[in-house]
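Please look at the sequence and the model first.

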Amino acid sequence: MAKRLGDILVEKNLVDRETVEAAAAATDGVEQRLGEFLARGISLEEADLYRALAEQQGFHFSTADDLYPRLQPDLLQQVSDAYLLKHRAVPICRDGDQVEVATSSHNFRPDELSRALDVGPDAMLIHMLTPTDFTRIWMDLHSDRPLHRPPLAGEPEQRPDDGDQTDLLETEFAARSYLVGLLGAILLDAVGQRATDVHFERFSKYVRLRFRIDGELRTIDKFPMTGAQLRGLINVVKIQCELDITERRRPQGGRMRRTLSDQTIDMRIQTQPVMEGENLVIRLLPHQQRRFSIDDVGFTPQLGNRYKRLLGSPSGMILFVGPTGSGKTTSLYAGISILSADETRKVITVEDPIEYAIDNIQQTQINELLGLNFASAMRVIVREDPDAILLGEIRDPETALEAARASQTGHLVLSTLHCNDAVDAVQRLFDLGLHPNSIAAELQAIFAQRLCPRICTECRKPVPLDPDLVSEVFPDGVPGNFTAYAGAGCERCHGRGSYGRIAVIEYLPVSGPMREAISRHLEVESLRRIALERGLVPMREVALALANQGTIDFRHLRRLMLPERLPPNWPDRPFLVDPDELLLRK
């Protein structure tokens, strides 16, 4: 008897038993599969879900990249496309009496397809693919010119020539169709690899394509293109975003939305003139209902409890700070998701853009062209009787003033700032023109964070310590209970050693002496000293605890903080401190 999908997910530590039971109850008698419900309801990766489905059905879980080298396109001629699409199946290759088939359907039955391919059902090797990877292979097999795979067996490698011929092709309809298909294939591949950003970079003799995956840029070699083709592809993007295709001398920004493998993706577009032409960056924002959990983001149990307690406050400001791409908005959404479940409170957001749709809250998209910016939206929202307001970003003095006014009139305001750490955020509010007494009175807490790749749990192992980093972090010697870990690389993480990201969070509560120091407008270093004495949980302690647990790579501390933040904060404190114990002491 086959295992239940929920049991497999629990065994793999992807969900807990309570979540599975709740999902099973919610889908009982409803035409909605348990896996689909879980994927929409929690942060369950598509690959993890389909790996579990493969185990349940007795199939082999594979990726598109695994199967590309074995593709035999002539097998498609033996079966109708309508049948294959209906059953979400595609023949991959024939080896003697055995045929390999890939599917993304959890209830695929090989009988009819085996007859069409003239083999017995027992002679079929079935690969389970995610829907994204199935679409990638389907598009490739049905493209007149393969777009995103290495050469097939026996096929010559095609290296485009950046000459006059490709320049002429840009003006032809066939070339434009190819560029549209190329863009779609690249975006589909980026979504399949969980990329957050796609970088097209033009240099004098070549074009480089890179995806940002788990916070790190990785070069993608499977889409070779010429400079002329990149120029045409950027024009395709500009047309879809209604930008000026004749303007190549100044940056342009825009947005577009596409559906890729049943996912709706919002995209932020930015072009940048460079010496050789233009570069293009596309940020990918899946536009789907998600459940944001404080635990999933990276809050420790005690810090998560502090955040939840702050969310119960009737007024004040809670700030998340850090550079672009540090996960600030995701942490805000984790809090807003908790507030959305409270039917006694009204929650309104002002965002640019709205990154995720959340039930039970009112979400507002700013529109600078119509004069609706963060500040003007705040002035209107406070008249709509909200209890809590999520303000996407405090980026100018006017918005900072409106946020302070809203918190002074009995609203809980959650927002973000761009700065380096929690104490720097106070100085940033000074710089934005807020009166020190207003900051001291309204600020409840500051969370500063960075995103760090999670070590893949399937290939994690202890590793030797980096001696240069040890001399900075542990100047008087490594604690006896400290161990460093890293990912060796495996099928699950595609050999990268990391899978997903976690927020490394610094926490500064604002109360008592800290409020007094802010009201006196003390310099940053004096504020930092008082913060350390009065409850600051520094990022160093949190990062070391996560490294010692095997969650992040010890070597990533260099990317998380400045060199001056790596040594111990206090001479009389142990070099390795549990952040939760530190919270309990305060």
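The model is predicted, so local features need pLDDT of at least 70 and side-chain atom pairs count only at pLDDT 80 or more, while totals for chains, interfaces and linings use all residues. Residues are numbered from 1 along each chain as its sequence is written, and side-chain values use heavy atoms, leaving out hydrogens and water.

**The sheet**

- Four strands form an open sheet in the order 1-4-3-2, with mixed pairing (strands are DSSP runs of E, at least two residues; helices are runs of H or I, at least four; two strands pair if DSSP finds at least two bridges between them).
- Strand 1 (60–61) and strand 2 (89–95) are at the edges with a single partner strand each, so one side of each has no neighbour in the sheet.
- Strand 1 pairs with strand 4 (residues 124–128) in the parallel sense over 2 bridges.
- Phe61 stands opposite Met128 in strand 4.

**Helix 16**

- Helix 16 (residues 397–408) has 12 residues and spans 16 Å from its first C-alpha to its last, close to the 16 Å expected at 1.5 Å a residue (1.5 Å times one less than the number of residues).
- Its buried residues (under 20% relative accessible area, 1.4 Å probe, protein chains only) include Thr399, Glu402 and Ser407.
- Among the elements covering the buried residues of helix 16 are strand 11 (316–321) and helix 18 (436–442).
- At the N-terminal end, Asp396 caps helix 16, with a side-chain oxygen 3.2 Å from the backbone nitrogen of Glu398.
- Gly410, with a positive phi near 90°, follows helix 16.

Note on methods:
Buried means under 20% relative accessible area, exposed over 50%, partly exposed in between (1.4 Å probe, protein chains only). Contact means heavy atoms within 4.5 Å. A polar contact is a pair of N or O atoms within 3.5 Å; within protein, one must be able to donate a hydrogen and the other to accept it, and residues adjacent in sequence count only if both atoms are side-chain atoms.
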